[in-house]
Structure formats: C-alpha cells, structure tokens
Amino acid sequence: MSAEPDHLPRRLWWVLAGLTLAWGFNWTAMKVALSEVPPWTFRSLCLGLGAGVLFIALRAGGQRLVLPTGQWRRLWLLALLNITSWNMLVAFGVGMIPSGRAAILAYTMPVWAVPLSVWLLGERITGAKLAGLALGLGGLALLLGESFIGFGEAPLGSLLVLGAAVSWALGTVVQKRFPVRLPVGPYTAWIMLLGGVPIFIGALVLEDFRDLRRVSLAPALGTAYNVFIAFAFAHWAWIKIATSVPVSVFSISMLLIPVVGVVSGMLFLGERPTLAEYGALLLVLCALATVLRPRRARAG
C-alpha cells in the first residue's frame, strides 16, 4: 500500500475549488436562512433533504448503499462528531455573531487537527506543512485581531463556533484512524443521515415545522442552497479530500474557505473589506500553495 501524498494531488484540485466556493459562500446563505428558519428545523431540512438527494443520485448511478457488517458503531461516532455537533454548534453560534467572523473561528480547525493528527495518527510534519500552517494561521490571526471586540460582545456565539471547530478536527482525525469500508458517496450519505437523527428529534420536540409557511424568499433560497450545494455536494467533496490525503494537508487546504466567507459577507451583507482582510487573503493563498505543489524528489 503506497503512502499518502504530502500535497493535494492535481486530480483533487477541482474538488477543493468546488468545496471552497460551496462552503465559503454558505456562511452568508446560512446567516440569511437562519434569520427566519429556526435552527433545529433548518439543520433537519439540510441533512434530511441533502442526504435524500445524495441517496437518490447514488442509487440512480447504480451504487450499492448497504453498509458492511460491523461498521455501525464507528459510523455513529463519526456522524456525531462531524455532523451532529458541528452543525448544531455552528447553527446557534452564527445567529449570535457576524457570518464572516463565524467562518474565521470555525476554520481554526487546523490549530486542533494538526497536533491531533501527530498524536493519534503519527503523521509526519514537514517543513512545508509547518510553513503552510503558519502562513494560514497568520492570515486567520489578522482577521481574528479585528474580532476580539465582537468576541467580548458575544462570547457564547464565538465559543459555540470554536467548539464546532474542535469537534470537526477530532472527527476528521478519528475518520482517518478508524476508516469506514465504504465508497465516498455512500459513506457521505449515511453519515449525513445518521448525524441528522438527533437533530430531527430536536426539531420535532422543540420547534414547529408549520413556521416554515411564513418564511420569505431569501431565507428559502438560503435553505435550498444549503440542501443542494453545501450538503449534497460539499459534504461529498469534503470526505473525498479528507480520506485521500493526510489530515495536515487537508486542514491547510481548508484555510481558503473563511476568506471566501468574508468576501461573501462583503458582497451580500454589505461588509466592507479592510487591510487585514486583504493581508489574510494573501497569507492564506501562500499557505494553500504549500499543499498544492508536490515536493521535488531528491536526486541520487
């Protein structure tokens, strides 16, 4: 069995590009949707319909959807970490703080994922990976510097989103440590469906689906974007990358998403760009280059 690449292979560049745009713009779509759709109901629609779309597409493509024997326990664990915890912590957190700031805090994920991958997976951290992580986190630090005031004003919202980042980091590492013997497509559909079960129950107990009749066009479009783009496609893309490369490469690759999230807030929510945001964009692009470009083989 060949070792995993120490960079993002060219064949996955389009997957990363699609994922970056899908999840980057989703922070604005989510903020708009949650302005009228209650959080438990919103996430139930995203996960239930998103998983349904993916199951139908996979079935139409002739893929088998039956789980191998003995996979249920680890699938439930991965679903709770990567889907249930992440989605609900973000849904409540983004309602309390600006969408751009939420995206930045959520993508502190590499801070937690890289040391966890060294500890639990024994991954080797090369100089290029350290440089990429430092550049990317430097970009996030520039943006976080402007968020300290907001953190003081809405500590709970910021802490919820940071908790989501930790849960995602742990889930990503556990996903590599205990892989599920399924192709990417069926695995994505199952993890979304199982991770949604506690959320479906919460929505039935705590909220009233009849409130959806009062939702206006923009929040409805934001919800539809989540179902078809941020969930049915982007979750497949995320798992495709996360299961193909080391956690450190995957984590650094994700650092461009919060920059797109900030730009999305500027375009659609009227936020104005700052020098810190431009500086962060440059640093994150440099960080991304460290995992897109393969190392040259040594001569001799």
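Cys-286 counts as partly exposed, at 35% relative accessibility, where partly exposed denotes the range between buried (under 20% relative accessible area) and exposed (over 50%), calculated with a 1.4 Å probe on protein chains only. Cys-46, by contrast, is buried, with a relative accessible area of 0%. The structure holds zero disulfides, a disulfide being a pair of cysteine sulfur atoms within 2.5 Å.

The model is predicted, and local features need pLDDT of at least 70, side-chain atom pairs count only at pLDDT 80 or more, and totals for chains, interfaces and linings use all residues. Residues are numbered from 1 along each chain as its sequence is written, and side-chain values use heavy atoms, with hydrogens and water left out.

Rolling a probe the size of a water molecule over the atoms shows where empty space is left. A cavity is defined, on a 1 Å grid over the protein atoms alone, as a set of points where a 1.4 Å probe fits but cannot get out; lining residues have an atom within 4 Å of a point. Grid points are joined across faces, edges and corners, and a volume is the space filled by probe spheres set on the points. Two cavities of 30 Å³ or more were found by this rule.

The largest cavity has a volume of about 120 Å³. Its lining comprises Trp-23, Asn-26, Trp-27, Met-30, Arg-43, Trp-86, Asn-87, Val-90, Tyr-107, Ala-230, Phe-231 and His-235. At least two lining residues come from each of helices H1 (13-33), H3 (72-94) and H10 (217-242), helices being DSSP runs (H or I, at least four residues) numbered from the N terminus. The most is given by H1, with four residues. Eight residues of this lining are nonpolar, three polar and one charged; Ala, Val, Leu, Ile, Met, Phe, Trp, Tyr, Cys and Pro count as nonpolar, Asp, Glu, Lys and Arg as charged, and the others, Gly among them, as polar.

The second largest cavity, of about 40 Å³, is lined by Trp-23, Asn-82, Ile-83, Trp-86, Trp-168, His-235 and Trp-238. Two or more of these residues are supplied by each of H3 and H10, and H3 gives the most, with three. This lining has five nonpolar, two polar and no charged residues.

Helix H2 (residues 39-60) has 22 residues and reaches 31 Å from its first C-alpha to its last, close to the expected 32 Å; the expected span is 1.5 Å times one less than the number of residues. Just after H2, Gly-62 takes a positive phi of about 85 degrees.

Conventions
1 Å grid on protein atoms, 1.4 Å probe; cavity = no way out; pocket = protein on both sides within 12 Å on 5 of 7 lines; lining within 4 Å.
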